[in-house]
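Colleague: I have not looked at this one before. Can you take me through it, one piece at a time?

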Amino acid sequence: MSWDLRDLYQETILDHQKHPRGKGNLPDATHSATGFNPLCGDKVTIQLRINDGKIDEIRFDGEGCAICMSSASMMTVSLQGTPVSDAEDLFQRIQKFLTANDESAAMEDIDSLGDLAALGGVRRLPVRIKCANLPWHTFNSAVHGEQNAKTE
Amino acid sequence: MIQELPKISISLFPKSDFPNLLTLVNGQPLAYLDSAASAQKPHVATEATSMFVEHQYANVHRGVHTLSQLATDAYERVRDQVKVVLNAADRNEIIFTKGCTESVNLVAQSFARPMLRPGDEILLTELEHHSNIVPWQLVAQATGAKVVAARIHDNGELDLEDFKSKLNANTKIVAFTHISNALGTILPAKELTAMAHAVGATVLIDGAQSGPHAAIDVQDIGADFYVLSIHKMYGPTGVGVLFGKLNLLEAMPPYQGGGSMIRSVSFEETTFAELPAKFEAGTPNIAGVVGLGATLDYIAGKNWNRETWVNRISEIGDYEATVREYGVSLLAEIDGLTVHGDAEEMAGIISFTVKNAHPHDLGTILDQHGVAVRAGHHCCQPLMHRLGVPATARASIAAYNDLEDMDRLAAAVQSAKELFG
Ligand SMILES: Cc1ncc(COP(=O)(O)O)c(C=O)c1O
């Protein structure tokens, strides 16, 4: 396997893909949204139970590639139990990390991202950035009460 | 079994005729297996096109000066060539469009829309590309007609019983693909056309995938309309073909208005030009059409005729089927891999999924090995839904692919499998 592939499919990603965390249905969700990537058919649903400005529970469900599914899985781990304002702040940092044109700007907050830093491999493969980002956009839509998200 | 197949080390079209096939991708020689999306272009054809642009170019049908005449001759010569490729009865049955998609839209808007009434039915199949679905949905919405789709069997073959049962006195249009771009299934075009005609329906056949791989005879099939996508036939982008029976095209109103398609214009009244000009409003893709002519010469050799064309294109189809058979035999060895589409008649397309490895991840990993495949829904979302998969990986084979490309495909899939376990 070439260097690039190991960079993209890091152990953390493969582990979350094989053993997804936070996957399933949340019957008493207060917020939810479904995101599509019309280009490839990836689909992610994010459900949240928000109580007093805090994400008490978060679940994802859906179908997609390893990058998308592991991004969703890691997201549930990061956001479970956090205040919504912290989650939104993380959303912004992830946007910068995945999409900033300037490499040094993108890497600024990398130390604060923990496992999520494993998603950085997509920066070299622009067509796959949307895969990593779909769950995050869907989360953002759910928080803001929009039912549908897409990354096109 | 595998050993019995002759190993083809030299492809039917030499790779060296196609400069883009010699590029390195991610440091690897390119195994281009995405010709069903768009085929690479032979150098002699692009060179002939630039010769034309640099030395003979002018607008067509617009002038008495020498260059305009030369350009018009070059452009119109290609119409005669396409007539031969399709075995049309009349050169005026060949309309140049900007693509297969535009050809379908032209028929939907100019033929179907004025004719359809509420309750009429348009019969499609589950195999269709979005470009042979959405134009019909648009006219259905505008007219109150209904779109119906014939089912397929699990192996990707059209369910003829279901097709037949969905034909009735209300069926006004039947539109189906000759070869499925997502699975490679070859449909019995002549039989389906006869069944559709038996209830009085008009038939459009989507030849986007058959054009580069099969001998087509619109008269033998009985097709009312037949459409081609030239960039999939090793030709330039921005050119499509619409074949229509003369009496149908003559009765249809123009699709677009503009220059070239008129006989006389005043602010009170415009009369339209004869065929084919009526459907070629505005300056056409002159260089593209001339490039198509050069491409057909590359495929079939100089001074080709109907017989040599049919022989050559049949040889291409047979060659690709052999390469496919070898590729499928290699992939079948890979644990957890499913090839979708196993009809009696298959063109050079291998659509597959691998357990635990999403097609997108396969696409990325194969690309790192220099193997270019398409991963996704192939503009066939209803078909993906029918197959119960979100997407597939698709290797499509052209006359420049060889058995080594299949070896590399299989090896790259194997390494992806190891990654995802
Ligand atoms: C079966 C089929 N029909 C129609 C089309 C549309 O062709 P184009 O995009 O060249 O108009 C394609 C190709 O994308 C195809 O594979």
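**Chain by chain**

Modeller: From the N terminus on, chain A runs α-α-β-β-β-α-α-α-α-β. That comes to six helices and four strands, where helices (H or I, at least four residues) and strands (E, at least two) are DSSP runs numbered from the N terminus. This is a predicted model, where local features need pLDDT of at least 70, side-chain atom pairs count only at pLDDT 80 or more, and totals for chains, interfaces and linings use all residues. Residues are numbered from 1 along each chain as its sequence is written, chains are lettered from A and ligands numbered from 1 in the order in which they are written, and side-chain values use heavy atoms, with hydrogens and water left out.

Colleague: How much of chain A is buried?

Modeller: Of its 152 residues, 47% count as buried. Buried means under 20% relative accessible area, exposed over 50%, and partly exposed in between (1.4 Å probe, protein chains only).

Colleague: And the contacts in chain A, what share joins residues at least 24 apart?

Modeller: The share is 59%, among contacts between residues at least 6 apart in sequence. A contact means heavy atoms within 4.5 Å.

Colleague: Now chain B. How many helices and strands?

Modeller: Chain B has 13 helices and 17 strands. Its radius of gyration is 22 Å, close to the 22 Å from the globule rule for 421 residues, so chain B is as compact as a globular protein of that length. The C-alpha trace of chain B spans about 70 × 55 × 35 Å along its principal axes.

Colleague: What are the buried and contact figures there?

Modeller: In chain B, 56% of the 421 residues count as buried. Residues 24 or more positions apart account for 71% of the chain B contacts with a separation of 6 or more.

Colleague: Let's go to single residues. Where is A:Asp42?

Modeller: A:Asp42 is in strand 2 of chain A.

Colleague: Buried or exposed?

Modeller: A:Asp42 is buried, with a relative accessible area of 1%.

Colleague: What does A:Asp42 touch?

Modeller: Not counting residues up to four places away in sequence, A:Asp42 touches several residues of chain A, including A:Cys65, A:Cys68 and A:Cys131, and also B:His358 and B:His360. A:His16 is 26 residues from A:Asp42 in sequence, and the two are 17 Å apart in space, C-alpha to C-alpha.

Colleague: What about A:Asp52, where is that?

Modeller: A:Asp52 sits in the loop between strand 2 (42–51) and strand 3 (54–63) of chain A. Its phi is positive, about 55°, although A:Asp52 is not a glycine. At 80% relative accessibility, A:Asp52 counts as exposed.

Colleague: And in chain B, what is phi of B:Asn26?

Modeller: Phi of B:Asn26 is near 50°, a positive value in a residue other than glycine. B:Asn26 is in the loop between strand 1 (24–25) and strand 2 (28–29) of chain B, and is partly exposed, with a relative accessible area of 40%.

Colleague: Last one, B:Glu102. Where does it lie?

Modeller: B:Glu102 lies in helix 3 (residues 100–115) of chain B. B:Glu102 is buried, with a relative accessible area of 14%. Leaving aside neighbours within four places in sequence, B:Glu102 is in contact with B:Thr97, B:Tyr255 and B:Gln256. A polar atom of the B:Glu102 side chain lies 2.7 Å from the backbone nitrogen of B:Lys98.

How values were computed
Polar contact = N/O pair within 3.5 Å; in protein donor to acceptor, adjacent residues only side chain to side chain. Rg over C-alpha atoms; globule rule 2.2 N^0.38 Å.
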